[in-house]
Amino acid sequence: GHINTVQGRVAAVGAFLTVGGGFCKAVWKTLMATSGGTIDIRWMDDGLFAWMAPGYTLLAWSVWQTVRSVQGKKTFHPWLVPFIIFESFFAIATYLYFANPGPAWERVMLSLMVLATVVTGILLIAFGFRQKLPLAGWLFVVNLVGIFLLNGLARIDHQTIPLQWTEQTINAVSWLCFAVAARKVYENTRANFGVK
């Protein structure tokens with residue numbers, strides 16, 4: 001937002017959707033755990049992918065456009081490309097959901113979410129190292145490795161309680177690294193590129 005106000009809004013919407021998807025999943029898991037599996041609100045479970053996929057797509061686009069702004073390059077329409085990407089994946093997921101109810105639609109949305117997250121991570125890693133912020137760069141690398149691990153673990157059909165705890169631990173460490181790195185990049189960017 002300090003570099004490109006419009007892209008700041010794109011990132012804010014992306015962050016809201018991403019956090020909303022994670023919040024829904026966390027509430028669903030809490031309800032399932034505390035009720036012994038009797039309270040199963042499916043839309044909260046499904047919200048993880050339905051909200052996070054467009055959220056990460058918007059974040060990836062915003063980071064790319066903001067990096068282009070910092071480099072003095074031309075930026076593109078803030079909403080059009082991420083909308084086309086998301087709608088394409090959403091159309092495939094919707095078709096799969098109605099044609100053959102099962103996990104296939106989730107895998108489509110998970111693939112978009114992981115792709116957008118990886119693109120965002122790579123852009124942030126490169127930006128961190130280019131701005132001579134090696135700690136931020138390496139923390140973004142740890143976050144990206146965590147994302148790959150979680151993607152692999154999420155594809156295991158039988159999700160045991162120990163596996164769930166392993167996933168949550170990796171998730172917490174990975175996103176703590178992201179938060180610290182993002183703070184470092186934010187401080188650097190605001191000091192060097194933001195509106196004074």
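Which residue does D157 meet in a salt bridge? The partner turns out to be R107, with N and O 3.9 Å apart between the two side chains; a salt bridge here is a side-chain nitrogen of Lys or Arg within 4 Å of a carboxyl oxygen of Asp or Glu. The pair ties together distant parts of the chain, since D157 sits in the loop between α5 and α6 and R107 in helix α4, 50 residues apart. D157 is exposed at 72% relative accessible area, while R107 is partly exposed at 33%. Those labels follow simple cut-offs: buried is under 20% relative accessible area, exposed is over 50%, and partly exposed lies in between (1.4 Å probe, protein chains only).

A word on the model itself: it is predicted, so local features need pLDDT of at least 70 and side-chain atom pairs count only at pLDDT 80 or more, whereas totals for chains, interfaces and linings use all residues. Residues are numbered from 1 along each chain as its sequence is written, and side-chain values use heavy atoms, with hydrogens and water left out.

The structure holds 5 salt bridges in total. In one of them, R42 and D40 meet at 3.0 Å, N to O. R42 has a relative accessible area of 38% and D40 one of 35%, and each counts as partly exposed. Another joins E187 to R183, again with the closest N and O atoms 3.0 Å apart. These two are 4 residues apart in helix α6, which puts about one helical turn between them. Salt bridges with shared partners also link K25, D40, R42 and D45 into one network.

Helices are DSSP runs (H or I, at least four residues), numbered from the N terminus. Beyond its neighbours within four places in sequence, F140 is in contact (heavy atoms within 4.5 Å) with L124, I125, F178, A181, A182 and V185.

After α2 comes G72, whose phi is positive, near 75°.
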